[in-house]
Amino acid sequence: PKLDDNTAGRSARPGTSSLLAAALAYMDRGWWVFPAFVVWDEAAGRKKPRFPESWKAASSNDPAMALMWFGAAGLYRDAVLCIDCGRSGLAVVDVDVKAGGRENWQAFRERHGDVPETYRAGTPSGGEHWLYAAGESGRSIDSASKIAPGVDFRGEGGLIFAAPSAIEGYGRYRWLEGEPTGGTGDCPPVPGSVVRAPGKPPPRA
């Protein structure tokens with residue numbers, strides 16, 4: 001599929017879609033989720049998340065936790081829904097619009113030829129999350145890895161913000177052309193070229 005423009009909806013406000021329903025649906029697919037408070041820093045042009053203490057330990061597949069977080073009286077009912085990639089068995093290619101990510105990912109796919117189409121979620125900035133089943137090979141890669149400039153890997157120890165979450169002043173996350181209702185098993189295996197590509201990003205100056 002082509003990369004879609006998903007820059008609409010910057011006025012979206014949190015809480016206007018049911019995070020509880022989404023969290024329960026994701027859990028039913030075998031995914032592990034957790035909440036976060038996220039604000040958009042317009043001056044810095046970036047998201048500023050605040051996670052529960054040790055989100056890796058907090059992520060859950062228990063519907064009772066979803067109700068506690070996102071229910072009508074939940075502390076996080078107007079927050080952001082996150083998916084724990086590692087515990088959910090997901091390998092996610094995170095394509096950003098910065099640093100030429102869209103173009104670099106397209107070039108990577110054309111160069112290697114083994115990257116199949118898959119379920120995708122759009123981010124408010126116009127980026128995309130491409131979902132694959134991690135398997136054993138994908139689990140060997142951590143989430144401090146890059147595939148190309150503007151193209152990151154989210155796997156073991158990584159997370160993604162998930163639809164239908166919205167960040168005020170930034171926009172809403174949404175599924176593109178359907179979603180994997182059967183969970184990770186609906187997603188194709190992470191391709192070998194993606195497994196072999198990631199390397200640690202260079203240290204910041």
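A residue counts as exposed when its relative accessible area is over 50% and as buried when that area is under 20%, with partly exposed in between. The views below show a predicted model.

**View 1. Glutamate 177, an exposed residue with a positive phi.** With a relative accessibility of 65%, glutamate 177 lies over the 50% limit and therefore counts as exposed. This residue is placed in the loop between strand β12 and helix α6, the latter spanning residues 192-196. Although glutamate 177 is not a glycine, its phi is positive, at about 60°. Most residues other than glycine have a negative phi, and most peptide bonds are trans.

**View 2. Alanine 99, in the loop between β4 and α4.** The loop that holds alanine 99 runs between strand β4, residues 90-95, and helix α4, residues 101-112. Alanine 99, which is not a glycine either, has a positive phi of about 55°. Its relative accessibility is 55%, and alanine 99 therefore counts as exposed.

**View 3. The chain as a setting for the close-ups.** Six helices and twelve strands make up the helices and strands of the chain. The chain has 205 residues, of which 49% count as buried. Among the contacts in the chain with a separation of 6 or more, 78% are accounted for by residues 24 or more positions apart.

**View 4. Helix α1 and the elements that cover its buried residues.** In helix α1, which spans residues 19-28, the buried residues are Leu19, Ala22, Ala23, Tyr26 and Met27. Seen down the axis of α1, these buried residues fall within an arc of 135°, so they line one face of the helix. An α-helix has 3.6 residues a turn, so residues three or four places apart point the same way. The cover over the buried residues of α1 includes strand β1 (33-41), helix α3 (63-70), strand β3 (80-84) and strand β12 (174-176). Just after α1, glycine 30 takes a positive phi, of about 95°.

**View 5. Cysteine 82 in strand β3.** Cysteine 82 is found in strand β3, and with a relative accessibility of 0% this residue counts as buried. Leaving aside residues up to four places away in sequence, cysteine 82 touches Trp32, Val33, Phe34, Pro35, Ala36, Phe51, Ile160 and Phe161. One of these, valine 33, is 49 residues from cysteine 82 in sequence, while the two C-alpha atoms are 5.5 Å apart in space.

View 6. A search of the whole structure finds ten aromatic pairs. Elsewhere, ring pairs link Tyr26, Trp31 and Trp175 into a cluster.

**View 7. Two arginines placed over tryptophan rings.** Arginine 87 lies over the face of tryptophan 32, at 3.7 Å from the ring centre. In the second case, the charged end of arginine 120 sits over the ring of tryptophan 130, at 5.8 Å from its centre.

View 8. Rolling a probe the size of a water molecule over the atoms shows where empty space is left. The structure holds one cavity of 30 Å³ or more, and the volume of the largest cavity is about 50 Å³. The lining of the largest cavity is formed by Tyr26, Ile83, Ala121, His129, Ile160, Phe161, Ala162, Ala163, Tyr173 and Trp175.

**View 9. The cis peptide bond at proline 164.** Alanine 163 and proline 164 are joined by a cis peptide bond, with an omega of about 5°. Proline 164 is placed in the loop between β9 and β10, the latter spanning residues 166-167. Alanine 163 is also among the residues that line the largest cavity.

**View 10. Arginine 174 and alanine 121.** Arginine 174 is found in strand β12, and its relative accessible area of 33% makes this residue partly exposed. Although arginine 174 and alanine 121 are 53 residues apart along the chain, their C-alpha atoms are separated by 5.6 Å.

Terms used:
Residues are numbered from 1 along each chain as its sequence is written. This is a predicted model: local features need pLDDT of at least 70, side-chain atom pairs count only at pLDDT 80 or more; totals for chains, interfaces and linings use all residues. Side-chain values use heavy atoms; hydrogens and water are left out. Buried means under 20% relative accessible area, exposed over 50%, partly exposed in between (1.4 Å probe, protein chains only). Helices (H or I, at least four residues) and strands (E, at least two) are DSSP runs, numbered from the N terminus. The arc is that of the directions from the helix axis to the C-beta atoms. Contact means heavy atoms within 4.5 Å. Rings of Phe, Tyr and Trp (its six-membered ring) pair if their centres lie within 6.5 Å; planes under 30 degrees apart count as stacked, over 60 as edge-to-face and the rest as tilted. A charge sits over a ring if NZ of Lys or CZ of Arg is within 6 Å of the ring centre and within 35 degrees of the ring normal. On a 1 Å grid over the protein atoms alone, a cavity is a set of points where a 1.4 Å probe fits but cannot get out, and a pocket is an open set with protein on both sides within 12 Å along at least five of seven lines; lining residues have an atom within 4 Å of a point. Grid points are joined across faces, edges and corners, and a volume is the space filled by probe spheres set on the points.
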